[in-house]
Amino acid sequence: MLNKNILFREKIVEILLQLLKYGELTESEIAKKTDLSYSHVIKVLKKMIKEDIIAKEKSGRTQKITFSVKGSIIARRFKEIYGKLGYLENKEKEIVATGG
C-alpha cells in the first residue's frame, strides 16, 4: 500500500508536477526547480523510488529521474486537482513575480 505521508505534502506534489512538465530531471535540477535543498530532494526521491512512484535512469554520467507508470498517473491526477483549485495559476504567477 502506498504511503500517504509521501504524497500529501506540497513540495512532494511540486516535484511530481515538475517531472510531469519536463519529463525527466536530474536530482539537482529538481532541487533548483522546487526550491528544496539537494539533501532533502535525495531523501524524498529515495522514498518515492521505494514506493515505485519514480525511477532513476542512468544516462552517461548523470542519473535522470523519471516516472513509473503509477507515478505518472498520480502526477496527472494531482495536476488535474491543482488546476481545478486554481493552484497552478497562482504558482505560475509566483514564479514570474520572483523571477524563478
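1. Glu80 is partly exposed, at 44% relative accessibility, where buried means under 20% relative accessible area, exposed over 50% and partly exposed in between (1.4 Å probe, protein chains only). Because they sit four residues apart in helix H5 (residues 69-85), about one helical turn separates Glu80 from Lys84.

2. A word on the source: this is a predicted model, in which local features need pLDDT of at least 70 and side-chain atom pairs count only at pLDDT 80 or more, while totals for chains, interfaces and linings use all residues. Residues are numbered from 1 along each chain as its sequence is written, and side-chain values use heavy atoms, with hydrogens and water left out.

3. How many salt bridges does the rule give? The count comes to three. Another of them joins Lys11 and Glu14, with the closest N and O atoms 3.7 Å apart. Both residues belong to helix H2 (residues 10-22), three residues apart, or about one turn of the helix. Lys11 is partly exposed, with a relative accessible area of 30%, whereas Glu14 is buried at 8%.

4. Glu27 and Lys56 also form a salt bridge, and here the closest N and O atoms are 2.9 Å apart. This pair links distant parts of the chain, 29 residues apart: Glu27 is in helix H3 (residues 27-34) and Lys56 in strand E1 (residues 54-59). Glu27 is buried, at 11% relative accessibility, and Lys56 is partly exposed, at 41%.

5. Now to the helix packing. The axes of H2 and H5 come within 9 Å and cross at roughly 105 degrees, so the two helices are roughly perpendicular to each other, a label given to angles of 65 to 115 degrees. On the H2 side the contact involves Val13, Leu16, Leu17 and Leu20, and on the H5 side Ile74, Ala75, Arg76, Phe78, Lys79 and Tyr82; contact means heavy atoms within 4.5 Å. The axes are lines fitted to C-alpha atoms over the stretch in contact, and angles run from 0 to 180 degrees between N-to-C directions.

6. Helix H4 (residues 38-50) deserves a look too. With 13 residues, H4 reaches 18 Å from its first C-alpha to its last, close to the 18 Å expected at 1.5 Å a residue. Which residues of H4 are buried? They are Val41, Ile42, Val44, Leu45 and Met48. Just after H4, Asp52 takes a positive phi of about 60 degrees.

7. Finally, the whole chain. The protein chain has six helices and two strands, running α-α-α-α-β-β-α-α from the N terminus on; these are DSSP runs (helices H or I, at least four residues; strands E, at least two). Of its 100 residues, 38% count as buried. Among contacts with a separation of 6 or more, 53% come from residues 24 or more positions apart. The chain exposes about 6800 Å², and carbon and sulfur atoms supply 52% of that area, calculated by the Shrake-Rupley method with a 1.4 Å probe.

Technical notes
The expected span of a helix is 1.5 Å times one less than its number of residues. A salt bridge is a side-chain nitrogen of Lys or Arg within 4 Å of a carboxyl oxygen of Asp or Glu. Angles under 35 degrees count as roughly parallel, over 145 as roughly antiparallel, 65 to 115 as roughly perpendicular and the rest as oblique.
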